[in-house]
Amino acid sequence: INYCNLVLAKAPEAYKNDPNFTQSQLNAKMAEALTLRALAYFYLVRTFGEVPLITEASLTDRQDYNLPKSSEKVVLDQLEADLIKAEGWALTRYSNTVSNKGRITKTAVRALLADIYLWRNKYAECVSYCDKVIADPTLKMIEADDEPYFRIFGMKNSTESIFELQFSASNNTPN
């Protein structure tokens, strides 16, 4: 979460100092950081309910790290607001499949928003965002055959996949 907070705090500064860093690149990085932070917090909320909500980067050891818990509602309200912002900034797609599946796209943001809406019993919003995910022309269900599990999970980055952590045999992480 703090890596995301650091990107959110420092990326605008990098944008100001680097003439080659474009506004759209900044927005895409900010969208990724907001979405990954939201994903982490969503796992925490589903597991623990109330958690400390930290949206500021930890930059020194002098900061107070003993923060009170925030209610589930407060955390989820923040996640929704962040994801709506991220949806506007995220890229629709990247130039290759590994990035399309391993980085945050508009569809990944929308899928997480749909999941949060479902968790919060906001069914109309959930359906709306599910419809946006289904409308992504790059996603396609794998046909049922003798090896659907392998085709979805073994081959990596299937047409069903929205977001996957990317592992590589060359990095000694084949699974």
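**Exercise 1. What percentage of the 175 residues of the chain count as buried?**

Solution. Start with the ground rules. This is a predicted model, in which local features need pLDDT of at least 70, side-chain atom pairs count only at pLDDT 80 or more, and totals for chains, interfaces and linings use all residues. Residues are numbered from 1 along each chain as its sequence is written, and side-chain values use heavy atoms, with hydrogens and water left out.

Next, the cut-offs. Buried means under 20% relative accessible area, exposed over 50%, and partly exposed in between (1.4 Å probe, protein chains only). By that scale, 34% of the 175 residues are buried.

**Exercise 2. Find the aromatic pairs and classify two of them**.

Solution. Rings of Phe, Tyr and Trp (its six-membered ring) pair if their centres lie within 6.5 Å; planes under 30 degrees apart count as stacked, over 60 as edge-to-face and the rest as tilted. Tyr-15 is partly exposed at 29% relative accessibility. Phe-21 is buried at 15%.

Another is Phe-42 with Trp-119. Their centres are 6.1 Å apart and their planes stand at 90°, so this pair is edge-to-face. Phe-42 belongs to helix α2 (residues 23–48) and Trp-119 to helix α5 (residues 106–119), so the pair links distant parts of the chain, 77 residues apart. Phe-42 is buried, with a relative accessible area of 1%. Trp-119 is partly exposed at 39%.

**Exercise 3. Which ring lies under Arg-46, and which under the charged end of Lys-132?**

Solution. A charge sits over a ring if NZ of Lys or CZ of Arg is within 6 Å of the ring centre and within 35 degrees of the ring normal. Arg-46 lies over the face of Tyr-43, at 4.6 Å from the ring centre. Lys-132 has its charged end over the ring of Tyr-129, 4.2 Å from the centre.

Note on methods:
Helices (H or I, at least four residues) and strands (E, at least two) are DSSP runs, numbered from the N terminus.
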